[in-house]
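Hi everyone, thanks for making time for this.

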Amino acid sequence: MSDELLINVTPMECRVALIENGTVNELFIERTVKRGLVGNIYKGKVVRVLPGMQAAFVDIGLSRTAFLHINDMVWSRNQPTPNVFELLQPGQTLTVQVMKDMLGTKGARLSTDLSIPSRYLVMMPYGNHTGVSQRIESEAERDRLRSMIERIQAEHKLPGSVIVRTAADGIAEAAIAQDMAYLAKLWEFIQRKQISIAVPSLIFEELPLPQRIIRDLASEKTAKISVDSREIHGKLQEFVEEFVPNIKERLIHYPGERPIFDLYNVEEDIQRALQTRVALKSGGYLMIDQTEAMTTIDVNTGSYVGGRSLEDTVFKTNMEATQVIARQLRLRNLGGIIIIDFIDMQEQEHRTEVMTQFERMLEQDHAKTKITQVSELGLVEMTRKRTRESLEHLLCESCPTCQGRGYVKTAESVCYEIFREIMRYTRAYQSQTGFTVVAHPSVIDRLLTAEAPAVADLEHFIGRVIKFQVENLYTQEQYDIILS
């Protein structure tokens, strides 16, 4: 399997698409005026301690105070969990790192257990062990890397833990040592700066999106990295020469007239990723509903009737859905709790095969995923680590017409509301002439046609004239009743 990275740069934003076998599987977007905060290290001040939640709010200089839970703090794990007041006091200064961006109305999530990444390693200054990525499967390679890291770490006198990333698989000791030297210098810089700066202040800022993507995603199976900005291409060349020289030949500048995202229909995929319905090639479809609490995914056979039996049709639809769901989770960057309703299957063998394939598809995800259980109703309950906003939350806002509900009241329902409101006005005000109803065209149209008999009866009952006025700028739910 060969990958390609497409990097589209404009003065307003940078967008990156990860292409796997010709298909867009992940999108990353960073706005110039709203860069992500994950990985940034700050010197902050405790604003409020919440003993009931074992947490605190910390001012790190953002528009909203950030949240720090005791489980994300450094303390001896050999001891019972301390009370948060034993570790934090209002007004206390501390060094923290952003684990999750501000999402919706929630502030950023913090940790005092710092994590500083390089190309092949992650340094955790307050840890006490050496770890190797679980995606490196060879035991011999894991042992080689672990012993190498312990030796190099001792040479550079680097404190805490070092975690070996997947990209280090098969990498020579010289490259690993260079990474370790970089981390040692960076940690010295962070320590010096956190002493000298004021509170609250930024100590260390994570790399911009293009450099970060190359550091985290570019690998031996990356066939090409195309950048449509000559300036950013130059900066990336410098970055690659210093940190990832083995992929230098694969980094190219794309000067074409045709927009780079049009080469693989990325723009179309972005638009489709904002829709609720996702079509399957077989004729079935998924319904993906994202809420603040969770994301639900419903699998339907739709027009697909190609199986030899109903069970065979259902099984084939579910098998296809596993691949599409795994891709949509990555493409839309869905996180948190996810509930999947596969179509019910009667045969246990089919249920097992669907779950096995789904787990295999999730292994390709760069975010941490975990299937917790299959409920008694056959719902697959899973979680996916969320560190940044989903594609929908990044590109969209709540509809001003429906206030994010996803539906509006029918014209019929609004007409009946107007009738009830006129009755209230009649009792409250002694208008001698009548009322004027100002509403959306569809509502006025219904009042003058289907509801005309009801309007006549109401006029007779209240003894007053009811007039109507169209307002094109109103939503279907909006109306005003004016006393004549």
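The lining of the largest cavity, by class, has six nonpolar, one polar and three charged residues. Keep in mind as we go that this is a predicted model. The residues that line this cavity are Pro117, Ser118, Arg119, Tyr182, Phe204, Glu206, Leu207, Arg215, Phe239 and Phe243. The space in there comes to about 80 Å³. And how many cavities of 30 Å³ or more are there? The count comes to one.

Take Arg215, which lines the largest cavity. Arg215 is also one of the buried residues of helix 4. Helix 4 spans residues 209-217 and is mostly covered, with seven of its nine residues buried. Besides Arg215, the buried ones are Leu209, Pro210, Gln211, Ile213, Ile214 and Leu217. A reminder for reading that list on screen: an α-helix has 3.6 residues a turn, so residues three or four places apart point the same way.

Now the other one, Pro117, which is also in the cavity lining. Pro117 stands opposite Val122 in strand 10. Strand 9 and strand 10, the latter being residues 121-124, run antiparallel and are joined by two bridges. These strands belong to an open sheet of four, in the order 9-10-12-11, with mixed pairing. Its edge strands are strand 9, at 116-117, and strand 11, at 130-132, each of which pairs on one side only. Helix 2, residues 139-156, packs on this sheet and touches strand 10, strand 11 and strand 12 (161-164). The direction of helix 2 makes about 145° with that of strand 11.

Helix 7 gives the most, with seven residues. By class, this pocket's lining has six nonpolar, four polar and seven charged residues.

Staying with helix 7 for a moment, the loop between helix 7 and strand 19 (336-341) holds Asn333. Asn333 has a positive phi of about 55°, although it is not a glycine. There is a second case of this kind, Gln403, with a positive phi of about 60°. Gln403 is in the loop between helix 9 (391-395) and helix 10 (411-428). Are these two residues buried or exposed? Asn333 has a relative accessible area of 9%, which is under the 20% cut-off, so Asn333 is buried. Gln403 comes out at 57%, which is over 50%, so Gln403 counts as exposed.

While we're on backbone geometry, there is a cis peptide bond to point out. The bond from Val199 to Pro200 is cis, with omega near -5°. Pro200 is found in the loop between helix 3 (173-196) and strand 13 (201-204).

Strand 4 (residues 41-50) pairs with strand 5 (residues 55-59) in the antiparallel sense, over five bridges. In that pairing, Lys45 stands opposite Asp59. The two strands form a hairpin with four residues between them, and Gln54 in the turn has a positive phi of about 55°. Strand 5 then runs antiparallel to strand 6 (residues 66-69), joined by four bridges. Here the bridge partner of Ala56 is Leu68. This hairpin has six residues between the strands, and Gly61 takes a positive phi near 95°.

My last stop is Thr436, in strand 22 (residues 434-439). Its relative accessible area is 14%, again under 20%, so Thr436 is buried. What is Thr436 in contact with, leaving aside its neighbours within four places in sequence? The partners are Lys467, Gln469, Asp480, Ile481, Ile482 and Ser484.

That's my tour, and I'm happy to take questions.

Notes:
Residues are numbered from 1 along each chain as its sequence is written. This is a predicted model: local features need pLDDT of at least 70, side-chain atom pairs count only at pLDDT 80 or more; totals for chains, interfaces and linings use all residues. Side-chain values use heavy atoms; hydrogens and water are left out. Ala, Val, Leu, Ile, Met, Phe, Trp, Tyr, Cys and Pro count as nonpolar, Asp, Glu, Lys and Arg as charged, and the others, Gly among them, as polar. On a 1 Å grid over the protein atoms alone, a cavity is a set of points where a 1.4 Å probe fits but cannot get out, and a pocket is an open set with protein on both sides within 12 Å along at least five of seven lines; lining residues have an atom within 4 Å of a point. Grid points are joined across faces, edges and corners, and a volume is the space filled by probe spheres set on the points. Buried means under 20% relative accessible area, exposed over 50%, partly exposed in between (1.4 Å probe, protein chains only). Two strands pair if DSSP finds at least two bridges between them. Contact means heavy atoms within 4.5 Å. Axes are lines fitted to C-alpha atoms, for helices over the stretch in contact, and angles run from 0 to 180 degrees between N-to-C directions.
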